[in-house]
Amino acid sequence: MPILLILSAANLFAQSAPGNVVKYHATINDVKYVYASVPPVARLKPGDILDTNTLDCFGNVIKKPGDTLSMVKGDNPLTGPFYIEGAEPGDTLAVKILDLEVDADQGVGAFAPGFGALNETNYTPMLHSPLPEKIWFYPVDHASNTATFQALDSKFSVKIPLHPFFGCIGVAPSAGEARSSIVPAEFGGNMDSPEASVGNTVYFPVNVPGGLLYMGDGHAVMGDGEVAGTAIEVPLRARVQLNLIKGQKINWPRFENDNAIMAVGAYRPLDDCMRIAFTELVAWIHQDYGLSELDAYELLSQVAKIHLNEMVDPNYVVVASIEKKFLPPKKN
């Protein structure tokens with residue numbers, strides 16, 4: 001049962017009333033493998049802070065050399081869903097990521113037949129044998145905030161700075177759909193976005209009453225594209241603050257921090273994925289900053305940035321961004 005504690009208003013969004021800290025601990029016995037409308041594991045009010053954990057994408061079962069992917073019960077187990085009081089379709093859910101900590105002393109990387117950007121799939125057949133299953137273990141040094149890559153076929157090793165983030169974060173889809181935890185789409189999901197990290201707020205369209213927020217698939221760090229199919233996969237400890245923007249509808253997830261606004265596109269092929277992200281960013285600039293759509297379009301052509309987050313999932317994910325220093329003051 002969630003534990004409710006009083007938290008100082010100083011740690012909350014400026015627009016929020018003081019809220020509670022809701023604590024929830026997930027285990028392999030209560031995770032989900034789809035984004036769907038199911039009974040929530042906890043309820044929160046706008047302004048509340050959620051203190052919870054997530055499992056790694058393998059369900060924390062890959063521990064040592066000799067373990068295999070056949071041991072995995074399901075991919076990307078999700079913590080949640082969490083019901084946000086007052087959330088209704090047509091609203092926007094704002095999730096501010098306050099703290100993320102790697103909740104293990106090692107991470108895991110792997111590739112398997114049929115998965116990965118350079119591997120054959122059912123939709124990208126090739127006349128060569130599928131790549132074999134391989135698993136790498138990454139010792140995590142919490143003091144130096146690094147993980148160590150150790151080559152399997154030589155003695156080479158190198159330390160990699162950590163950047164923890166949610167590989168999966170999203171809400172229940174509309175129309176009663178249940179969507180796999182592997183798929184990124186309009187509801188968020190397996191976006192594999194390093195932008196889902198401390199200091200950023202992620203916005204989701206509310207599709208069902210309560211929103212129903214899920215999170216999981218913790219990453220200690222990941223390269224652009226996630227080309228082999230995994231990041232350094234880890235369980236996480238997380239603190240996020242939940243808020244609502246009533247009556248404001250968005251079509252796709254968005255990220256924001258003090259310096260930039262960022263719009264998500266998730267689809268295939270890659271050019272349509274990018275078109276979604278930029279169309280959403282044009283609309284955001286027009287609505288909140290007052291530029292015409294064509295002026296916003298032209299401005300983005302000069303100063304926008306594109307981040308290819310991943311190109312291994314059923315949909316690819318691109319984030320298009322613009323720094324706020326290039327924008328006019330935000331409309332009231």
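Trainee: How many bridges join E8 to strand E9, and which way do they run?
Mentor: Bear in mind that this is a predicted model. Six bridges join E8 to E9, residues 134–141, and the two strands run antiparallel.

Trainee: What is the strand order in that sheet?
Mentor: The order is E8-E9-E10-E11, an open sheet of four strands with antiparallel pairing. Strand E8 (106–111) and strand E11 (157–161) are the edge strands, each pairing on one side only. On average, neighbouring strands in this sheet are turned by 30 degrees against each other, direction ignored.

Trainee: Where is glycine 107, and what stands opposite?
Mentor: Glycine 107 is in strand E8, and tyrosine 138 in E9 stands opposite.

Trainee: Is glycine 107 buried or exposed?
Mentor: Buried, because its relative accessible area is 0%, and the cut-off for buried is under 20%.

Trainee: What is glycine 107 in contact with, leaving aside neighbours within four places in sequence?
Mentor: Trp136, Phe137, Tyr138 and Val140, plus Ile232, Glu233 and Val234.

Trainee: Changing topic: which residues touch the most other members in the largest nonpolar core?
Mentor: Val95, Phe166, Ile169 and Leu213, out of 58 residues in that core. A second, separate core has 19 residues, including Ile250, Ala263, Ala277 and Ile322.

Trainee: And what is phenylalanine 166 in contact with?
Mentor: Leaving aside neighbours within four places in sequence, its contacts include Ile97, Leu100, Met215, Leu236 and Val240. Thr54, Ser193 and Asp217 are also among the contacts of phenylalanine 166.

Note on methods
Residues numbered from 1 in each chain as written. Predicted model: local features only at pLDDT ≥ 70, side-chain atom pairs only at ≥ 80, totals over all residues. Heavy atoms only, no water. Pairing = 2+ DSSP bridges. Axes fitted to C-alpha atoms, helices over the stretch in contact; angles between N-to-C directions. Buried < 20%, exposed > 50% of the residue type's maximum accessible area, 1.4 Å probe, protein only. Contact = heavy atoms within 4.5 Å. Core = buried A, V, L, I, M, F, W, Y, C linked by side-chain atoms within 4.5 Å.
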